[in-house]
Structures are given as C-alpha cells and as structure tokens.
Amino acid sequence: MTSHSPLLLWAMIGSIGLGTWLIRLSFLVFLGRVERVPPALGRVLRFIPAAVLAALVLPALTHATGEFDLGTDRFAAGAIAAVVAWQTRNVLATIAVGMGALWALQALGWLR
Amino acid sequence: MDDSARRDALFAGVKAIFPILLGVVPFGVIAGVAAVEAGLDPVQAIAMSPIVFAGAAQLAAADLIARDAAPLVIVLTALVINARFAMYSASLAPSLRGLGAWQKALGSYLLTDQAFAVSVTRFQQTDDDLGGRVAYYFGSAISLWITWQVSSVLGVIVGSGVPPEWSLDFAIPLVFMALLFPTIRDRGTRLAAVVAALSAVALIGLPLNLGLLAAAALGISAGVISEVIP
C-alpha cells in the first residue's frame, strides 16, 4: 500500500498520461519535417522493450521474499511459466500455467 | 473512397484485432487489480486506464507506487517503457500523412502495440487510400480501447475483494514475461534482455528503486554496442 498522497498520485498519473501521449504523437507530427527517424535514436528505441521487460521480470522472481532466494515457490513457478511464454508467446497461457504452478507449489509446501 | 468502402475498412480493422482482444482482457483485469492493490482509490484506479492507456506502463507504475518509489522514478520508468510508441509513431506516419490535427491527436492517444501490429501489416499488404487506412486504424484501435477500459474497470471492482493468499500480484511478472519473449528477435535484443535482467537483480538495492532504470540503460547500451561492434 502506498503512502503517497492522493494529490501526488493524481500528478503522477497525469504526468505519465501526458508524457505517453506526447511520445505517441511525436513522429506523427514531426515526420513531414523530418523525413525519417534518426538512425541513432532508432537503434536505442529498438532495444527498449526487451531490456525493460527483462529488467521487470527477473528481480520479481529472484527476490520474491525481499532477499535473493532461488528456492521459492515464485522462482520455480516463474521458471515453468517462462518455458510456456517462450514456446507459446501467449499471455493467457503464461498467466494460467504460472498461477497454477504457484498455487500447486504453495499447496505442496516444499519450497519457501 | 465512398462511405461503404470506408465502413468496410473500419470493420476489417475490428475483425483483425478481435482475436487479440481475448488476450487483452486478463491483462486489463490484472492492471485494475494491481492499481487497487497498490493503494490507489477506486476513482484513481479506474481513471488510470483512460489517462495512461498503456498496460505495461500501468502495471510497472502500480508496482512502484505500491513500493513507495520516488515519484520521479515512477513517472520516468513508465515513460521509458512507453518510449517504444515513438517507434510505432514513426513507422505509421508515412501511411497516415495528411491526417487532420484532431485525427492525429486522437489517433496518437489510441496507439498501442496491438493496433500498430494489425495496421502496419494491413498498410503493407493493401493499397487503401488515406480514408480507408484511417478507418482501418481507428476500427482496430477503438476496439482495443473499449476492451481495455471495460476489463480494467472489472479488475478494479474485483480487485478490492481478492484475498492476498491468492497471490494475484504474481500475475504482473507473468504478463511481462509473456510480453518479453516476442521482443527477443535477434542476437542484439537477446543480449539487451540478458544484460538488463542480470543487472536488475544486481542493482536491486539501489536507492529510490532506480535499479530498474539503470538496468534498462545497461541492457540497451549492450544491445547498441553489439550492433555497432559486430
């Protein structure tokens, strides 16, 4: 649960919304003046999704208890889900298998 | 292009995105649940979806809000995740040249991974005129918008009633995982992902939850370097 004030939360949501809209608008407006995306910028943009998503996933699995710990239900369930995500590339299947594995492991109680 | 051809293009856009919508529903529900669990009040949690309208950024922001990260870090992280839209904006722009200011403003707001994917495929394969392309784009984009709003409101409603023992917050890394693999397309993106993931674990102790942004920067740098130095 957050301790940020409601006003601050509104300001954050608003800033993210405005910033995101400007990013989406960027080239629809500028292309016309600039013929194409500068290659250096294109190169950076290309790697953003893979880098950011990977950086979001791994710590959530390795630090499930707050400390580094690979012997947790979440790490094991995450590993199983990763195979499904890799093979099927399907959001629904990944969620279903990952949550199912987590609940099963929690019920078994072998891990932390 | 006459009205009926435009209407056909609009419905073709709706039809193309329809199978994708089924996968968006659980994602939207989880975004709604995550916002409530982070401590947003129901109005804020519901408002986040129309204001931000970007799933991965909404989830990451909710996650950081729940951990009381610094406001600037929360906003920056969400915007870095959404920086990919600049790429979509650039690749759609030549097809949508000649759009009015209002259509540009609204069309940009509605830009998503999914609407981009179906539209860019259509624009490569058919030779619709501008009116047809706009109708197709809006058909797909608006369908996704409605689905996202309805499913995230659903998440906000059920979110307050989900017991913590269900560990539903675990769905957040699972969604990111499912989104991650399609982005790994070659050696460079694979390297970027591996470097970013390991750095994020190593840098988890950084103050202000800056570890994520730092790790993303390292991963992106690794990818760029691998491309410059083959």
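Two residues are in contact if their C-beta atoms, placed from the backbone, lie within 7 Å. In this predicted model, A:Leu92 touches B:Gly23 and B:Pro26, once residues up to four places away in sequence are set aside. A:Leu92 has its place in helix α4 of chain A, which covers residues 91–108. A residue counts as buried if 20 or more other C-beta atoms lie within 10 Å of its own, and as exposed if 12 or fewer do. A:Leu92 is partly exposed because 15 other C-beta atoms lie within 10 Å.

**The interface between the chains**

The contact between the two chains takes in 78 residues of chain B and 62 residues of chain A. On the side of chain B that touches chain A, the largest share comes from helix α9 of chain B (residues 171–183), with twelve residues. By class, this side of chain B has 58 nonpolar, 14 polar and six charged residues.

**The nonpolar core**

The largest nonpolar core holds 116 residues. The members that touch the most other members are A:Ala51, A:Ala54, A:Ala55 and A:Val57 from chain A, together with B:Val175 and B:Ala196 from chain B. Helix α1 of chain B (residues 3–38) gives the most to this core, namely 14 residues.

Apart from its neighbours within four places in sequence, A:Ala51 is in contact with B:Ala192, B:Ala193, B:Ala196, B:Ala216, B:Gly219, B:Ile220 and B:Gly223. B:Ala196, one of these partners, is also among the core residues named above.

**Domains**

The domain assignment gives two domains for chain A and two for chain B.

In chain B, the contact between the domains takes eight residues from domain 1 and six residues from domain 2. Helix α4 of chain B (residues 71–82) provides the largest share of the domain 1 side, four residues. That side of domain 1 of chain B divides into six nonpolar, one polar and one charged residues.

Note on methods:
Residues numbered from 1 in each chain as written. Chains lettered and ligands numbered in written order. Predicted model: local features only at pLDDT ≥ 70, side-chain atom pairs only at ≥ 80, totals over all residues. Helix = DSSP H or I, 4+ residues; strand = E, 2+ residues; numbered from the N terminus. Nonpolar A, V, L, I, M, F, W, Y, C, P; charged D, E, K, R; others polar. Core = buried A, V, L, I, M, F, W, Y, C linked by C-beta atoms within 7 Å. Domains from an automatic or database assignment.
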